[in-house]
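Good morning, everyone. Please look at the screen for a moment. I will keep this short.

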Amino acid sequence: MNRIVERIPARRRLPLAVYATTQLIFLVWWAAFYPGGMSYDSISYVWHVTTGHWMSNHSVAYDGLVWLSLQLTGDLALLTFAQSVAMAAALAYVVGTLRMFGVKGKWSFTAAVACAVLPSIGTFVIYVWKDVPFAIGAVVAFGATGRLAARRLRGESQLRDKVFRNEIAMLFAGFLAMGLFRNNGLLVAVIAVPVLLLTLPRMRKWLLFATVVPVTIAALLQTVVYPAIGVITPTKDQVYAFNYADIAVVYGKVPQTFTQADKELMQKVAPLSHWGGRAANCYNADWAMKKPMNRKAADQYNDQLIDLWFRILKRTPDQMISARVCRSHIAWSPFPGPVDKMGHTLISPPSVPKNLFGWADWNPEMADSPYRPILKIRPLNDTLHDAAFFTWKASKTPQLQWLLFRGAIWCYAAYAVVLAFSRRNRSWAPVALLAIPLALQLTVIAANPAPLARYMFAPMFLGILTLPLIGAKPTFTKRSKPAPEEQEQKPATAPDPEPEPEPVA
């Protein structure tokens with residue numbers, strides 16, 4: 001055994017140990033909840049790809065992975081297993097990044113293992129959810145960003161070697177994954193890029209490539225490619241559900257500001273009792289779209305409803321902003337709100353009801369689907385399942401929600417740790433690490449349908465992974481001159497050397 005370890009290069013031993021350990025833990029969750037955790041959305045994906053109803057209201061790329069797993073194995077286990085492999089590899093990649101900042105191996109190893117052990121995000125990795133590869137992309141982009149920041153701290157911002165190109169490629173891949181696997185995922189790159197450009201100024205051309213191109217690809221797929229190949233585009237009532245919910249919230253609070261014409265338009269879609277009742281809650285846009293909301297009528301009168309939305313924004317902007325801030329509660333508040341206490345938050349349990357979350361009650365294609373037998377938890381070991389399910393349920397204790405199910409607290413922890421680390425090193429470069437968690441948090445604040453924990457699980461991974469920076473004491477040695485084969489083609493007059501990192505105020 002020692003001989004095998006000695007043959008592994010020293011710099012690879014820690015990442016391999018992290019990969020092996022986290023992979024083993026993920027496999028325990030996978031075996032306990034085989035073929036993987038499921039939700040209403042999981043059944044949606046299967047319906048899409050097995051009945052010819054491919055739709056872009058969810059991730060078409062993830063639907064493709066569901067289809068591939070079903071075609072190759074007739075089951076979903078291959079997909080969830082692949083997710084565990086990818087996340088374990090991503091955690092190992094970030095641990096390699098942390099070493100560049102002087103983090104001791106035992107601390108980065110502990111942080112990565114914690115990401116796999118915690119029931120909330122450990123089980124999340126083996127769910128049939130588009131949010132899982134989205135989170136993997138976020139972890140990869142975070143790791144690549146850290147390596148670029150460490151490069152600047154070493155005084156190698158202008159060095160364009162193979163390692164640099166690999167780091168840019170990983171950043172590109174991370175942003176592309178986020179754009180492909182969540183419809184609003186491209187906003188993460190849009191919000192992150194200003195932070196990256198400010199903190200890594202000598203790499204701007206490459207950073208723009210790694211962010212703008214993935215955004216462009218994701219946008220073209222959504223608007224051009226998917227419709228061209230027959231993928232069904234979302235209806236207007238699906239696209240603008242947030243706006244309808246905003247109208248309901250404001251109407252519920254200040255109905256006197258609505259004109260008779262406004263109310264007549266609203267009544268064409270749903271009774272005013274619905275607009276001012278259940279739909280008027282500010283936490284969950286989905287409630288506004290349920291019956292007696294007439295979704296076909298909403299689609300028909302959508303343009304007029306959007307005009308009404310703008311009128312409301314103009315006359316009562318405070319109420320409209322309040323509605324959005326309230327609905328994004330999961331993104332910015334460390335503590336549960338009133339709706340959370342009623343159980344309308346967190347995450348679907350790793351179990352599947354007999355009616356497939358309601359799909360079998362109303363959809364005959366799923367009620368009689370040949371794939372229905374696989375759409376249930378079939379643990380590889382019943383004792384393991386019982387122990388894992390008990391652990392998962394125990395983690396939902398209300399007093400622990402702020403720590404185990406709310407990503408906002410981990411965003412704030414990341415901000416504090418990274419800013420303190422930057423101050424110690426008298427450089428803005430490490431602040432680049434905050435580009436991804438900040439963008440993730442602001443993206444959810446900008447557009448969020450309900451207080452679902454999974455929307456903020458990616459920041460939980462990143463927050464935990466930043467904790468080892470608390471005690472890091474890097475000793476960066478700047479290279480005086482890159483090797484000839486690593487230098488870029490330079491003009492006759494070489495640029496001035498990079499200045500010393502500026503101090504953090």
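I will talk about one asparagine, then about aromatic rings, then about charges over rings. Keep in mind that this is a predicted model.

Let's start with Asn448. Where does Asn448 lie? Asn448 is in a loop, between helix 27 (435–446) and helix 28 (457–466). Is Asn448 buried or exposed? Asn448 is buried, because its relative accessible area is 5%, and buried means under 20%.

Now the side chain. The side chain of Asn448 reaches two backbone oxygens. One belongs to Arg327, at 2.7 Å. Another belongs to Ala450, at 2.9 Å. What else does Asn448 touch, leaving out residues up to four places away in sequence? The list is Phe242, Arg327, Ser328, Ile330 and Tyr455.

Next, the rings. How many aromatic pairs does the structure hold? There are 20. Take Phe101 and Phe421, one of these pairs. Their ring centres are 5.6 Å apart, and the planes make an angle of 75°. That is edge-to-face. Phe101 is buried, with a relative accessible area of 0%. Phe421 is buried too, with a value of 0%.

Now a second pair, Phe172 and Phe209. The ring centres are 5.4 Å apart and the planes are at 25°, so this pair is stacked. The cut-off for stacked is under 30 degrees. Phe172 sits in helix 9 (residues 162–181) and Phe209 in helix 11 (residues 204–228), so this pair ties together parts 37 residues apart in sequence. Buried or exposed? Phe172 is buried, at 18% relative accessible area. Phe209 is partly exposed, at 42%.

Rings can also link up in a group. Which residues do ring pairs link into a cluster? They are Phe124, Tyr127, Trp129, Phe405 and Phe457.

Last, charges over rings. The charged end of Arg160 sits over the ring of Phe164, 4.4 Å from the ring centre. Arg182 lies over the face of Phe134, 3.9 Å from the centre of that ring.

That's my tour. Thank you.

Note on methods: Residues are numbered from 1 along each chain as its sequence is written. This is a predicted model: local features need pLDDT of at least 70, side-chain atom pairs count only at pLDDT 80 or more; totals for chains, interfaces and linings use all residues. Side-chain values use heavy atoms; hydrogens and water are left out. Helices (H or I, at least four residues) and strands (E, at least two) are DSSP runs, numbered from the N terminus. Buried means under 20% relative accessible area, exposed over 50%, partly exposed in between (1.4 Å probe, protein chains only). A polar contact is a pair of N or O atoms within 3.5 Å; within protein, one must be able to donate a hydrogen and the other to accept it, and residues adjacent in sequence count only if both atoms are side-chain atoms. Contact means heavy atoms within 4.5 Å. Rings of Phe, Tyr and Trp (its six-membered ring) pair if their centres lie within 6.5 Å; planes under 30 degrees apart count as stacked, over 60 as edge-to-face and the rest as tilted. A charge sits over a ring if NZ of Lys or CZ of Arg is within 6 Å of the ring centre and within 35 degrees of the ring normal.
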